[in-house]
Amino acid sequence: MISGSDLYHVLTAVVPLYVAMILAYGSVKWWKIFSPDQCSGINRFVALFAVPLLSFHFISTNNPYEMNYRFIAADTLQKIIVLFVLAIWSRTSSRGSLEWSITLFSLSTLPNTLVMGIPLLKGMYGDDSGTLMVQIVVLQCIIWYTLMLFLFEYRGARLLIAEQFPDTAGSIISFRVDSDIISLDGKEPLQTDAEVGEDGKLHVTVRKSTSSRSEIFSRRSHGPNSGVSLTPRPSNLTNAEIYSLQSSRNPTPRGSSFNHTDFYSMVNGKNMNSVSPRQSNFGNLGFDEENNAMGVFGNNVNRPNGATYPAPTTAGIFSPVAGPGVKKKANGAENGKDLHMFVWSSSASPVSEGGIHVFRGGADYGNDLAGLPHQKDYDEFGRDEFSFGNRSVPNGVEHEGPVLSKLGSSSTAELHPKSAAHDDAKPTAMPPASVMTRLILIMVWRKLIRNPNTYSSLIGLTWSLVSFRWHVEMPAIVAGSIAILSNAGLGMAMFSLGLFMALQPRIIACGNSVAAFTMSVRFLTGPAVMAAASIAVGLRGVLLHIAIVQAALPQGIVPFVFAKEYNVHPDILSTGVIFGMLIALPITLVYYILLGL
């Protein structure tokens, strides 16, 4: 039976975390102490130093030779069960999709163990439970987050191949990716060059588009800092953009130099003032004279024969960023610098001008800050209804614009045209599994080596293996240097979360119905599957209680950052983080009380 003193110990451990979060929220929302730029600096410090060192501290002080393998087996079995069910569902159900499988896996199996789990479980079940949480953190950082990256990069590769090689993808036998490309998340304009080998197979090179490079050069050579550098250095903050004539939500195709005569005509200077209205693999290109930028016309747009289009400018061809709102600067922020959550988003290098791409600055602390859809998006498409759309996206764009499934998600996979002409289109054949695997592994590796949490986890695990095997103590100077920052990591992580909450236009970003579904998956489905997996491996008593309660923790931050970076249901994961954090304490207390009866 849970006593009043037990509940007091739990509140003593957890309430200080909420105090830090509320202070951060009030400092931005109510008292206007911090500007978005200052929030960006705080979050960058947390991402680069506080949380990696906090993770290193917990992992390095945990004895890996005394790990509870049954508890780890239960946690692993839970995730395998969820993956297996979602794989079957995505293959057999008309509503199944890779995007939804990734999102549901994140919601049901990846809680906020490091920040919330360790102090909460220590308050409930003592220090031994904290050791178990550290073991879960190690597995999350090394295995499960890497798996998430693999799935996201696989999705990005599929989209790129389907766009560029809808009919010849099966003939691709090799990929070469330029070293300046960090991810296939679709945020950077990419182009593909294909060469046909003697065997008739395709060898593909993926590189940044020439328009992106010229845009960088133009901004650096003609901007206010032109005296600093005239070198067209690749950057993730080009802010290159095109305006769709139909909707800023339209997916923008990425250019390919393979089998696209329209693209050849523009690049080679042939008939620069006229683009053939013939339908190409990436839809007809037009020019938005009002906005002075390239636009995407639907396939059903009829142009008079002989009509000419003005020559495109270098304002950013095939840029994934669209909409006039992109040009707006953040509140007091120069060049729309990003805000950084306390996990490293590796779509930008550590020395990138704007920093880590997680939350983009925007007006009114608003919609552009978090990359969330505008209010009218939800009003138009219905916030209270949703569906798991899985229709394929044709290569062109319909004249009336794509229709969002009523989820209100900004995932490109939820876009499907109204026209029934493409409903029966066959999915694009993918290259051989070995070719796809090599491509994805290259991209995942490039992401991991730019992630400080990867180094902190691996170095911490290595040190713990050495120190507990040969009883080697860390030098006092090193230990003190790490402790002074890691001790601040927990409070700063919650403070960073409070800043993030204050910068969002709304706590429930995805609509009430989807939020209810999200919370049920997070706080009901996850613990239920964990209970079944724990019983299956033989966990009983307190260990079973710990396993269930840790599965009922609020949504993890890292899955949200990935979702934002790859544009796969970021509004749903944002709601899972923010709203889940607000209701997590009463829910975990209910689990704690019920399991203690």
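Reply: We begin with Cys 141, which is partly exposed in this predicted model. The relative accessible area of Cys 141 is 22%.

Me: Is Cys 510 buried or exposed?

Reply: A residue counts as buried under 20% relative accessible area. Cys 510 has a relative accessible area of 0%, so Cys 510 is buried.

Me: How many disulfides does the model contain?

Reply: A disulfide is a covalent bond between the sulfur atoms of two cysteines. For a pair to count, the sulfur atoms must lie within 2.5 Å. By this rule the count of disulfides is 0.

Me: How many aromatic pairs are found in the whole structure?

Reply: A pair of aromatic rings is described by the distance of the centres and the angle of the planes. Rings pair if their centres lie within 6.5 Å. The search of the whole structure gives 10 aromatic pairs.

Me: Are the rings of Phe 45 and Phe 49 stacked or tilted?

Reply: The ring centres of Phe 45 and Phe 49 are 6.1 Å apart, with the planes at 35°. Planes under 30 degrees apart count as stacked and those over 60 as edge-to-face.

Me: In which helix do Phe 45 and Phe 49 lie?

Reply: Phe 45 is partly exposed at 31% relative accessibility, and Phe 49 is partly exposed at 43%. The two residues are 4 residues apart, about one turn of the helix. Both lie in helix H2 (residues 36-60).

Definitions and conventions:
Residues are numbered from 1 along each chain as its sequence is written. This is a predicted model: local features need pLDDT of at least 70, side-chain atom pairs count only at pLDDT 80 or more; totals for chains, interfaces and linings use all residues. Side-chain values use heavy atoms; hydrogens and water are left out. Buried means under 20% relative accessible area, exposed over 50%, partly exposed in between (1.4 Å probe, protein chains only). Rings of Phe, Tyr and Trp (its six-membered ring) pair if their centres lie within 6.5 Å; planes under 30 degrees apart count as stacked, over 60 as edge-to-face and the rest as tilted.
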